[in-house]
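Subject: Structure handover

Hello,

Here is the structure you will be working on. Please open it beside this message, and my notes follow below.

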Amino acid sequence: MKILVTGALGQLGSELIPSLGERYGFDSILATDVREGNLKGVRMVKMDVTSLDSLKKLIRDEGIEEVFHLAAILSANGEKNPDLAYSVNMNGTWNILAASRDNDVKKVIIPSTIGVFGPDTPKKMVPPETIIRPRTMYGITKLASEFLGQYFSDRFGLDCRGLRFPGLISYSSPPGGGTTDYSIEMIMAAARGQSYQCFLKEDARLPMMYMPDAISSLISLSEADPKSLKRRMDYHVSAFSFTPGELYAELRKRRPEFTVTFKPDYRQEIADQWPESLDVSESARDWGFSPAYGFSSMIDDMLKHIS
Ligand code: AKB
């Protein structure tokens, strides 16, 4: 199997690729990103997903059979530059799907996000089917990407799959301009003996997950028997929910000298539109989603690795 990963140098890509490499062999992976860079053991090609011609050529010439399309502009950066977010998230997804359809790719995996929800969405234990009216460019484009994946599956028989990620917490690469990035920044500051100014309010509760669980959920969904999948692009995954204040309190138990001040900015308005927790029962039922890390074990593991 030959696997293409877009957005390979991002927070998700740089951790997914080593896992895919160990599972399927590093030779089977082609990593692309709009930036120059290297990832150990895999061939890296600089490529912009908004360029349909280069994407089609790459997928055809390399005989790609499966795609993990991770390239995206996240929520906070998307509000700073909505034109870029539209171009990368919308045109990039269209291009991936069209190039995959035209070159007999077997499967396309596209992560979605809690960003698809809007101010009218209920707050607690939100199931995949609910009121969904996003008001950010990130949310609008990711919701449209979910529908595009469904369309390419129904219309062209391309096996598209996707899941909605909550905030993802990881230590090995920096977060990429999202609203939930505060959690990583706060843990990093605590681990390094620095103080931290948080850009969300103390009580802004959001669903979250540790990166090893995010990676295994992507791989499990991609490997699931298609007959057991009742949903296509919008499976929910999440492991726990917490507020910045609760994270601060947990960090203070482990680093009593650590201090945080709260100075909410424009990202608080984005967080206000998102749910506090997700119902993940359909992912557990259909493809065995079961996160290994809880809130406390995630913090301990993060601190261990950063220190
Ligand atoms: C963001 O904050 O933009 C992302 C997300 C929740 O999709 N981490």
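Strands β11 and β13 (residues 240-242) pair in the antiparallel sense, over 3 bridges. Two strands count as paired if DSSP finds at least two bridges between them. Helices (H or I, at least four residues) and strands (E, at least two) are DSSP runs, numbered from the N terminus. In general, the strands of a sheet pair through backbone hydrogen bonds, either parallel or antiparallel.

Before going on, note that this is a predicted model, in which local features need pLDDT of at least 70 and side-chain atom pairs count only at pLDDT 80 or more, while totals for chains, interfaces and linings use all residues. Residues are numbered from 1 along each chain as its sequence is written, and side-chain values use heavy atoms, with hydrogens and water left out.

Strand β11

The bridge partner of L206 in β13 is F242. β11 is also joined to strand β9 (residues 167-169), by 3 bridges, and these two strands run parallel. There, I169 stands opposite Y210 of β11. Is β11 (residues 206-210) enclosed or open? It is largely enclosed by the rest of the structure, because 5 of its 5 residues are buried. Buried means under 20% relative accessible area, exposed means over 50%, and partly exposed lies in between (1.4 Å probe, protein chains only). L206, M208 and Y210 lie on one side of β11, P207 and M209 on the other, and all are buried, so both faces are covered.

The two domains

The domain assignment of the chain gives domain 1 (3-166 + 210-236) and domain 2 (167-208 + 239-277 + 293-306). Such bounds come from an automatic or database domain assignment. The C-alpha centres of the two domains lie 25 Å apart. Domain 1 brings 30 residues to the contact and domain 2 brings 31, where contact means heavy atoms within 4.5 Å. Between them the domains bury about 2,600 Å², with 57% of it on carbon and sulfur atoms. Buried area is the accessible area (1.4 Å probe) that two parts lose on being put together, summed over both. Which three residues supply more than any other three of the area that domain 1 buries against domain 2? They are Q11, K123 and Y210, which supply 32% of that area.

Strand β2 and its neighbours

Strand β2 (residues 29-33) is mostly covered, with 5 of its 5 residues buried. I29, A31 and D33 point one way from the strand, and L30 and T32 point the other way. β2 is joined to strand β1 (residues 3-6) by 3 bridges, and the two run parallel. In this pair, V5 stands opposite A31. With helix α1 (residues 13-24), β1 and β2 make a right-handed β-α-β unit. A crossover is right-handed if, with the strands pointing away from the viewer, the path from the first strand over the helix to the second runs clockwise. β2 is joined to strand β3 (residues 43-46) by 4 bridges, also running parallel. The bridge partner of L30 in β3 is R43.

L30 and R43 are both touched by E62, as is K2, not counting residues up to four places away in sequence. E62 is in helix α2 (residues 52-62) and is partly exposed, with a relative accessible area of 21%. E62 and K2 are 60 residues apart in sequence, and their C-alpha atoms are 7.8 Å apart in space. Their side chains make a polar contact (3.0 Å). A polar contact is a pair of N or O atoms within 3.5 Å; within protein, one must be able to donate a hydrogen and the other to accept it, and residues adjacent in sequence count only if both atoms are side-chain atoms.

A three-stranded sheet

An open sheet of 3 strands has the order β6-β8-β12, with parallel pairing. Its edge strands are β6 (112-113) and β12 (235-236), each of which pairs on one side only. 2 bridges join β6 to β8 (residues 163-165), and S112 stands opposite R164.

Two buried residues

T136 is in the loop between β6 and α5 (137-156). T136 is buried, with a relative accessible area of 3%. A polar atom of its side chain lies 3.0 Å from the backbone nitrogen of G139. A99, in helix α4 (residues 82-102), counts as buried at 0% relative accessibility.

Regards
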